[in-house]
Amino acid sequence: MPKSLTPRLSALKDEIEGYARAFGLDFFETVFEVLTYDELNMVAAYGGFPNRYPHWRWGMEYEQLSKGYEYGLSKIYELVINNDPCYAYLLESNAEVDQKLVMAHVYGHCDFFKNNFSFRHTNRRMIDDMANHATRVRRWVDKIGVEKVEDFIDRTLSLENLIDQHAPHIRRNPDPKRAEDEAKSNERVEGFKVGREYMRGFINPSEFLDEQRKRVEDEKQRAKRFPERPQRDVLLFLLEHAPLEDWEVDILSILRDEAYYFAPQGQTKIMNEGWASYWHSTIMTTRALKDHEIIDYADHHSGTMGTRPGSLNPYKLGIELYRDIEERWNKGRFGKEWDECDDLRARRSWDKKLGAGREKLFEVRKHYNDITFIDTFLTPEFAMEQKLFVYGFNDKRNSWEILDREFRKVKSKLLAGLTNFGQPIIEVVDGNHENRSELLLAHKHDGQDLKGDYARETLRNLQSLWRRPVSLVTRYDGKGVMLRFDGQNHSEKKVDL
Amino acid sequence: MSLKIHQDHSRFKQIVRGKIKANLRKYVQKGEMLGKKGKDFISIPLPFIDIPHFKYGHKEQGGVGQGDGEVGQQLGPGSVQPGEGKQAGQGEGEHSLEVDVTLDELAQILGEELQLPRIERRQSEKIVTQKIKYTGVNTTGPESLRHFKRTYKQALKRQIASGTYDPGKPLIVPTREDRRYRSYKLQDLPDTNAVIIYMMDVSGSMGDEQKEIVRIESFWLDTWLRHQYKGLESRYVIHDAVAREVDRETFFHTRESGGTMISSAYKLCREIIQADYPKSAWNVYPFHFSDGDNWSADDTRQCIDMLRDDILPHVNQFAYGQVESPYGSGQFIKDLRESVGDHENVALSEISDKDAIYPSIKDFLGKGR
């Protein structure tokens, strides 16, 4: 069971909170609770929300976290929930110096949650809402039966990344009727113009009028594409148009809500972790650390910042980029004059003593997300200093290898990985494909092929919600392919793109 | 609060179990997972226990890394983690598709699927063994168990705290108080002991395919018996015209070209039992695999005599598996069936191909002996 802070930890909290405020951090009230590692693994398995709807994948997550801990591969030190108040969990067995580090880190996160623009539309009562979601799901379980509900959740979870990741906020209260009403107007059929009224029956016999009417109707049907524009929020499209039962609509909208809650966290991971790391390191090294704690602090800090050649540590990249920005703005290494200076020696000793670094950092943490952060502030000097490179898989040697260190390639690869949160962009193009109520999706191919078996399995899940055949247009090895699942069989055919 | 996750956790385990069961026949036949055996568990690839998403192919992706190295330099195995944003506190991200199952659990599943009876223990006496378990770190202990890293860290801490650490001359001298030692406890393990004596014909007529079948089948036999007996030993005997005892590796990879005298193996088996496994303390399981081709009718007679007089009275069950080969006459199993087939502790099985491994396991283990 979560414990509130011991008097000692409580005093530490006050101390660290004081430092954080003195540095200008601005956060929601933060509630710390102390958990054993088993409880922490559990809360982490639930994505930070101890009261979440029941599902086996939390159990799977828990199993992996516990194993990772048992084998000494990983250890969660801390967990923060973006809520007002913020909730943060401390690991009971942590040494005091770790608790201080974690608290300082947590205040960094909380400041970020409160101030970064990506969270402007975030539900700050998510703890309550998650608990409500759980209650609603449990009620359906009682009513419909656990198997049916679990099965539906399984299938829906398979689609949970099909939201509009970069939409500023979730679109609610959709009105599917409006578009249809507009389409209905202006559909009277007149037939030929008749000069003499008594001739009407001869010129426009009723069979002819019926035929005309039918033709117009057909044409309209054919011409009416819905959605009118490709729609990236596939879940919303399903909510509006799929033949779902009430309980299915309810569960689908719950899962969509939760997906939108987590989306901005995914888009600011480097910034957020970097910001928290920047502040724990600043607070610890300038204020909170006692002499005898230095070794342990250094040990754990470097553990968090460690890099491996084939992966990018967001903590490390984030903190280094903030530090780089701070230095550049302290020394005035930006603007036209700096950009146009090609005297290497002048650049190296460039220092206008502006001292504007810290101020710039606070501005950056407010107005950027990972993509704009990297796009704006990643410089060739920084990439070289941090030894960044592009790697890829070499089929001939059957291994991963370093492909390139050229700045532009590093940057574009980095940005590509962040676009749409590293997920393929998939849109609904037609909800009435070939006029047969089939669903057609398109993958906006950006050079990377989809994982085939997963794509087919996901189509199967999509079909079970749409109830009619579904197809996905994508590209494999440069050739257009339409994957189709009709409820029984998978098929593939070539398409021209 | 801790109760809640256990519900989801056990549901997850139940699902895994169901998937394994559904695919068990496939696993048994193909020996798919044998290569991945850990000490106590096995990794089983389970498609779609993971929730499928539209996502990029693993190798398509590549990414940005950090560190030294020339262009074209290979990255060490395991160093690439395909990056999908995994948010701390988000509980979402990449899952490995491989599920670890303990061998014990696997045996249970095998037992349920094949409806294998629990083995009746012939020997009820318990033999207690002791096992060392390292439990923590202590300030006292024997020098051989000194924990160097902890000791060093402790010394470093002390020197910094007391101000005697000089970064210019980073010399760390641990004192008596800094020393740290691993501490352990002795645990008593009550055991019922059993031994499997594997015998295999490695004469020219036994090909690679036949041996593969033996290898897969013996894995399952091992797994089941290990589930029943905590202290299980294995011995390996290969034979053509002469028999010799070998290690496991050799057992599965030897190929000879001589003729076949099965009696040589049984003789060695008898010696092993007499020397090391007194009936009073051991449950003994000889398993013999061959293609059924023996040198002479006379040798077969010798085998049967030995079985009847010396081996059967000392073992829980004697099992003979005949693997079909294009060269073998397949006579031996007929001779055994005629002479000892009605003994209650004899199990005979014909394994025509990999598909037959599954029923054959039941032939061997179905008697519950």
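Tutor: We shall start with the term itself: two residues are in contact when heavy atoms lie within 4.5 Å. Please keep in mind that this is a predicted model.

Student: What area is buried between chain A and chain B?

Tutor: The buried area is about 7600 Å², and carbon and sulfur atoms give 57% of that area. On the side of chain A, the residues that lose the most area to chain B are A:Trp56, A:Trp400 and A:Tyr454. Together these three account for 11% of what that side buries.

Student: How many salt bridges are counted between chain A and chain B?

Tutor: The count is five salt bridges. One of the residue pairs in a salt bridge is A:Asp296 with B:Lys157, whose side chains meet at 3.1 Å, N to O. For polar contacts, the count between chain A and chain B is 27 residue pairs, with both residues at pLDDT 80 or more.

Student: Which strands of chain A and chain B are joined by four bridges, and do they run parallel or antiparallel?

Tutor: Strand S4 of chain A, residues 388-394, is joined to strand S2 of chain B, residues 63-66, and the two run antiparallel. Within this pairing, A:Tyr391 has B:Gly63 in S2(B) as its bridge partner.

Student: What is the secondary structure of chain A?

Tutor: Chain A has 21 helices and ten strands. Its C-alpha trace spans about 105 × 65 × 50 Å along the principal axes. Of the 497 residues of chain A, 53% count as buried. Among contacts in chain A with a separation of 6 or more, 69% are between residues 24 or more positions apart.

Student: Let us end with a single residue. Why does B:Ser263 count as buried?

Tutor: A residue is called buried when its relative accessible area is under 20%. B:Ser263 counts as buried because its relative accessibility is 3%. This residue, B:Ser263, lies in helix H7 of chain B, residues 262-276. Leaving aside residues up to four places away in sequence, B:Ser263 touches B:Asp299, B:Gln302, B:Cys303 and B:Met306.

Conventions. Residues are numbered from 1 along each chain as its sequence is written. Chains are lettered from A and ligands numbered from 1 in the order in which they are written. This is a predicted model: local features need pLDDT of at least 70, side-chain atom pairs count only at pLDDT 80 or more; totals for chains, interfaces and linings use all residues. Side-chain values use heavy atoms; hydrogens and water are left out. Buried area is the accessible area (1.4 Å probe) that two parts lose on being put together, summed over both. A salt bridge is a side-chain nitrogen of Lys or Arg within 4 Å of a carboxyl oxygen of Asp or Glu. A polar contact is a pair of N or O atoms within 3.5 Å; within protein, one must be able to donate a hydrogen and the other to accept it, and residues adjacent in sequence count only if both atoms are side-chain atoms. Two strands pair if DSSP finds at least two bridges between them. Buried means under 20% relative accessible area, exposed over 50%, partly exposed in between (1.4 Å probe, protein chains only).
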